[in-house]
Amino acid sequence: MDTFALTIAAILMAGAPLVLATLGETLTEKAGIVNLSLDGSILLAAMAAFACSATFDSPWLGMLAGAAVGAAIAGVLGVIGIYLGQSQLAVGFILTLLSRDLAYFLGHNFSRQPGPDLGLWTIPGMSDVPFVGLIFGARSPVVYMSLMAIVFCWWWMFRTEGGMRLRAVGESPRAAFGRGIRVRLVRLYYCLAGGALVGLAGGAYSLAVKPGWGRPQGCEGAGWIALAIVIFGGWHPVRTALGAFFFAALQVSGIHLQEIFPSIPAPVFQVAPFPMMILTLLAVNMGRMGWIQDIIRRHPFLKSLSKGWSIEAPAALGQDFNPKKGL
Amino acid sequence: MNRESLLTQTGWLILALLLALALTVIVALPTGAPPFETIYVLFQGSLSSWSKVGRVLAGWVPLTLCSAGLLIPFTARLWNIGVEGQVIMGAIFCTAALRPFDDGGSAWVIALALAASVAGGAFWALLAGLLRVFGRVHEIFSGLGLNFVALGVTLWLIFGPWKRPGVASMSGTEPLDISLWLPRLANMSVSWVGLALAVAALALVYILLHRTKWGLKLRAVGENPKAATLFSLGPHRRLLQAFMFCGGLAGLAGAVQVLGVYHRLLPNISSGYGYTALLVSMMASFRLSLVPFICLFFAILNVGSIQLPLQLGLDSSLSGVIQGIMVLSLFIVQGLRLWLKQRKEAD
């Protein structure tokens, strides 16, 4: 029982940055913008967070710096993609490569240096509770932060007027514009907000999950996985978060697999999440193919199951909106 | 698209370059890098002797092979992000074909290895294509995932079945017999075979895209996939072919790395040329005529940056930063032009 609780705790920890990053990207994509720069953003934010906390000896200032860097990169994408009408995919991809190299270049002097990390938070009285205490007793603040972010994003998206506007500019920008919503500005705001969350994910890596900075840091590739999880989770904050924890579970079990198969070299397990990413995307998308939908239609049980599982991307995802061109 | 005078075009290009220069200086300031000295070291480290020029050309060959290949799927509006993995697969297939000949072989064996590498790259690209066409997995994710899988396969081979007798390390497999190395051009570390292959690839892509019906139809598929289905242009088959062509050229780049540069299989065999090639083709705005020149410039940056850690204590990733900023600046300037045009039309 205790090992089970500790495994859950390990999954919560490994999943925390992924959750933050996927929620950030979900916010951005709900507004109709694809931010492909996640992988580089996370790395640059991780570097900035570590460098800042090492310089000023304050990990929370570091987290703030990470969020600022994430928002800044997303801002560059937002301005070029939204206002200057360039391809979001192309700019996002360039920003990924640029931020990655920038992270290694600027972080050169902080490589393999000691620095503070976020440490652990204890909830008073919690560790006395038998099972739950082991999971939530004394955990890194990023774990609590990621769990709160899930609730907040869900509440914001589906229970507030701001969330309604967010979904409106992503689903039907023309209708939203007709209602007097400043579509481009709203999109830019969610680009920045999503980028800030992605930046926090970077900080979570370098200050909590894999403390320290170096080349490689160990979070390379996480951004791409996060982008795939957003699709897997169908642009719904709770389901994306579940997807992130699912991938974290795979990573954690990968460590155990390594003990079972010692003959397979360790680096091979680091790339294991990527075939998993392809297979899960395949599984999600298969459900939308003609012949599979025929089978589903014939079986009432599968039909009701697929209703709960069906996913739709925001209708205007990746599309330009120019108010000057009229309604 | 209305044509503008050469003068205006050059003006905008110079503006983009100035913006790139300014942005590079701004981002490099926090490290205390002296701007002019850094630029001097970059170019001195890549052009000051014939052997350095040889290294630049050795980098130019795989970059050109990948960038030229990338224009084919881009014509059909496909993002082949998997080039990196296709380079690696080409290198793996090339090494596999040479394993029975560890005592050496003739030019025919090298030709066989080159053919194997083309097959390997095309096979890896086909996987991404099949996932896209029949599995509806976006090619960005399948390509990227397959890059990491290819890296995993390399690591497994180097540490497993193909490890050097005694020691298995990141330094790669047992070196090839010297008779299997590509012949060098004079005393430089570049092979004339590699150069010939790169030039041939440029010509092949030009003919394919601009002088054949196949290229015309591919363009039609990219412009309007729905209409292409109606006119029975066979978009699925054509998309797969486009992927495989690009993968084949990328695989060839992998073979050049194995046969001409490292003479063995390494974890870092692709040297990131696949990703750089994506930047090159975007910077060239998908025009083949610009590709060789941008590749040359990027290769100069890559080779020159090796001197940065030695002479200035800077990280060599500065070359990647400059490349990224240049492409980004071009996009910013293009966007500004669009914005100005729209404002003029609105008035």
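Q: How much area do chain B and chain A bury between them?
A: This is a predicted model, so take the numbers as computed from it. The contact draws on 44 residues from chain A and 48 from chain B. Carbon and sulfur atoms account for 80% of what gets buried, and the area between the two chains comes to about 4,100 Å².

Q: How many residue pairs are in polar contact across the interface of chain B and chain A?
A: Here both residues of a pair have to be at pLDDT 80 or more. With that rule, the tally across the interface is 5 residue pairs.

Q: Which helix gives the largest share of the side of chain B that touches chain A?
A: Several helices of chain B supply at least two residues each to that side: α1 (6-28), α5 (107-135), α6 (139-159), α11 (273-283) and α14 (318-346). By class, the side of chain B that touches chain A has 33 nonpolar, 13 polar and 2 charged residues. The largest share, 16 residues, belongs to α14(B).

Q: How do α3(B) and α10(B) run, roughly parallel or roughly antiparallel?
A: Helix α3 (residues 50-75) and helix α10 (residues 235-262) of chain B have axes that come within 7 Å and cross at roughly 175°. Angles over 145 degrees count as antiparallel here. So the two helices, α3(B) and α10(B), are roughly antiparallel.

Q: What classes of residue make up the contact of α3(B) with α10(B)?
A: On the α3(B) side, the residues include Val61(B), Leu65(B) and Ile72(B), and they meet a set in α10(B) that includes Phe245(B), Leu249(B) and Val256(B). Sorted by class, the contact has no charged residues, 2 polar and 16 nonpolar.

Q: Which residues of α10(B) meet α7(B)?
A: The axes of α7 (residues 192-210) of chain B and α10(B) come within 11 Å and cross at roughly 175°, so this pair is roughly antiparallel. Their contact holds 9 nonpolar residues, 1 polar and no charged ones. From α7(B) come Gly194(B), Leu197(B), Ala201(B), Leu204(B), Val205(B) and Leu208(B), and in α10(B) they meet Phe245(B), Leu249(B), Leu252(B) and Val256(B).

Q: What is the phi of Ser271(B)?
A: Most residues other than glycine have a negative phi. Ser271(B), in the loop between α10 and α11 of chain B, is not a glycine, yet its phi is positive, at about 50°.

Key
Residues numbered from 1 in each chain as written. Chains lettered and ligands numbered in written order. Predicted model: local features only at pLDDT ≥ 70, side-chain atom pairs only at ≥ 80, totals over all residues. Heavy atoms only, no water. Contact = heavy atoms within 4.5 Å. Buried area = accessible area lost by both parts, 1.4 Å probe. Polar contact = N/O pair within 3.5 Å; in protein donor to acceptor, adjacent residues only side chain to side chain. Helix = DSSP H or I, 4+ residues; strand = E, 2+ residues; numbered from the N terminus. Nonpolar A, V, L, I, M, F, W, Y, C, P; charged D, E, K, R; others polar. Axes fitted to C-alpha atoms, helices over the stretch in contact; angles between N-to-C directions. Parallel < 35°, antiparallel > 145°, perpendicular 65-115°, else oblique.
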